[in-house]
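Let's take a walk through a protein chain together, starting with the overall picture and then stopping at a few places worth a look. Please keep the viewer open as you read.

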Amino acid sequence: MVPEDIAPDRAVLRNPALDDFDGAALDAELETALQNPVPGSPLNADSRKSVTPLTIYDVARHAGVSIASVSRVLNGHATPRPETRDRVLRAVAELGFVPDGAARALSSRLKEIIAVVYRRSPLGPPEDPVFEDEAENLAFVDVINRGVQIAAQRRGFDLLLSSVDVDDHAPGARIANLAGKSDGMLLHDRVLTPSGIVRLADRVPVVTLAGTPTRASVNVSGDNARGMRDLIEHLIRVHDSRSIAFLSGHVDSPDSVARARVVREIAAEHDVRVLTGPQWSGEYSAAGGARVIRTLLDAGASLPDAITCANDQTALGVLYALHERGYRVPDDVAVTGFDDIPVARHLNPPLTTVRQPIQDLGAMAFDVLYSMIGGERPAERQLVLPVQVVVRGSCGCPAEPPPSYTRTG
């Protein structure tokens with residue numbers, strides 16, 4: 001079910017395909033790690049906080065400001081606005097919150113650090129030497145993290161970056177340890193299951209990116225449904241595609257699952273054949289996209305009219321493999337992506353894709369997390385940013401004209 005506090009028009013519906021990953025082992029491991037921290041760890045220290053009549057949360061609530069603002073006033077980490085400083089000091093005086101070492105006590109409660117965790121390919125020999133460098137070129141993730149970093153720096157926060165293996169579905173102990181070192185956590189695409197996120201949110205505020213909203217966390221994503229709907233309708237209406245393959249990302253990725261669902265829905269509305277399934281799984285990587293195409297062609301399979309990829313990096317591998325086998329894009333088959341990473345416009349042919357405001361996704365995720373750290377209750381559990389289809393040569397549309405510059409002496 002969709003949580004009751006999610007706006008119906010913004011909700012991401014629960015997908016049965018993802019429920020298989022809500023294993024009891026993950027939940028048990030995470031809960032054990034949260035309740036029984038490793039001796040000497042920050043999480044263990046936090047769990048033994050002394051109980052005091054007043055806390056900085058009371059000060060922030062009484063002053064009507066965030067906890068971070070209270071931290072800046074009492075610790076002198078930054079110069080707050082005069083009105084903010086006056087409100088905090090007045091609240092401190094009115095509440096009698098003047099214990100010895102107040103600044104140190106506050107500092108121990110608010111670290112001004114958030115943890116950001118993303119998924120990466122397993123370490124080891126590259127699947128395809130051609131894409132050896134690409135395996136660590138997480139363009140989409142890197143741009144999102146840049147947006148997080150910029151927004152965090154404006155608020156005086158630092159980032160604690162970490163990654164988990166894409167096949168690791170039980171990183172509970174590591175995640176719990178990071179929770180003890182930060183004021184809040186940003187989790188990328190399916191780092192934890194929804195039930196694991198709910199348990200983690202008992203310790204720190206949690207915001208997910210390209211995930212699934214829960215009753216205890218907020219999710220920020222692009223408008224998968226609108227973007228994929230507009231893209232598929234373009235292929236059908238403008239280019240008369242009668243067979244479309246969806247080359248998916250990770251099997252448990254909420255974004256990939258949502259995009260695949262829309263492809264099937266729109267194709268059914270127009271009586272168009274859809275190719276999908278395990279043989280069309282590219283794991284969001286160029287190497288994965290190339291592997292899918294090579295395997296299918298080696299098996300003698302015929303190509304569809306269009307191949308729509310779950311992301312741009314997958315499309316990069318598809319274009320490479322098709323060119324390698326002598327196929328022409330878009331004459332023999334159209335290819336599209338999703339994200340509009342910077343390299344997409346420089347491919348040959350330039351890639352038709354769905355443009356997401358990638359950096360803005362990261363910035364918004366931090367802003368939401370920051371407000372939650374300050375004690376605010378989010379009005380919505382699912383935040384969706386607008387996207388737009390960008391048509392280029394890989395679907396058969398005329399390539400965008402290059403920008404015109406006037407040479408100067």
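What follows moves from the whole chain to its strands, and then to some side chains.

Before we start, keep in mind that this is a predicted model. The chain has 409 residues, and 52% of them are buried. Its secondary structure comes to 15 helices and 12 strands. If you count the contacts with a separation of 6 or more, 74% of them join residues 24 or more positions apart.

Let's begin with strand S3, which spans residues 184-187. Strand S1 (residues 113-120) is joined to S3 by 4 bridges, and the two run parallel. Within this pairing, Ile 114 stands opposite Gly 184 of S3. S3 is also joined to strand S4 (residues 206-209), this time by 3 bridges, and here too the strands run parallel. The bridge partner of Leu 186 in S4 is Val 207. In a regular strand, side chains alternate between the two faces of the sheet.

In which order do its 4 strands lie? The order is S7-S6-S8-S9, with parallel pairing. Strand S7 (273-275) and strand S9 (334-336) are the edge strands, each pairing on one side only. From one strand to the next, the twist averages 20 degrees. Looking at one of the pairings in detail, strand S8 (residues 306-309) is joined to S9 by 3 bridges, and Ala 306 stands opposite Ala 334 in S9. Helix H14 (residues 312-324) lies across S8 and S9 as well as strand S6 (243-247), and runs at about 155 degrees to S9.

Now for a single side chain, Ser 256, whose place is in helix H12 (residues 254-269). Why does Ser 256 count as buried? Its relative accessibility is 4%, and the cut-off for buried is under 20%. Leaving aside neighbours within four places in sequence, Ser 256 is in contact with Phe 246, Ser 248, Gly 249, His 250, Tyr 284 and Ala 310.

Our last stop is the aromatic rings. A pair of aromatic rings is described by the distance of the centres and the angle of the planes. How many aromatic pairs does a search of the whole structure find? There are 3 of them. One of these pairs, Phe 157 with Phe 366, is edge-to-face, with 5.8 Å from centre to centre and 70 degrees between the planes. The two partners come from distant parts of the chain, 209 residues apart: Phe 157 sits in the loop between helix H8 (139-154) and strand S2 (158-165), while Phe 366 belongs to helix H15 (residues 358-373). Both Phe 157 and Phe 366 are buried. Ring pairs link Phe 157 and Phe 366 with Tyr 370 into a cluster. Elsewhere, a ring has a charged neighbour: Arg 259 lies over the face of Phe 338, at 3.7 Å from the ring centre.

Methods: Residues are numbered from 1 along each chain as its sequence is written. This is a predicted model: local features need pLDDT of at least 70, side-chain atom pairs count only at pLDDT 80 or more; totals for chains, interfaces and linings use all residues. Side-chain values use heavy atoms; hydrogens and water are left out. Two strands pair if DSSP finds at least two bridges between them. Axes are lines fitted to C-alpha atoms, for helices over the stretch in contact, and angles run from 0 to 180 degrees between N-to-C directions. Contact means heavy atoms within 4.5 Å. Rings of Phe, Tyr and Trp (its six-membered ring) pair if their centres lie within 6.5 Å; planes under 30 degrees apart count as stacked, over 60 as edge-to-face and the rest as tilted. Buried means under 20% relative accessible area, exposed over 50%, partly exposed in between (1.4 Å probe, protein chains only). A charge sits over a ring if NZ of Lys or CZ of Arg is within 6 Å of the ring centre and within 35 degrees of the ring normal.
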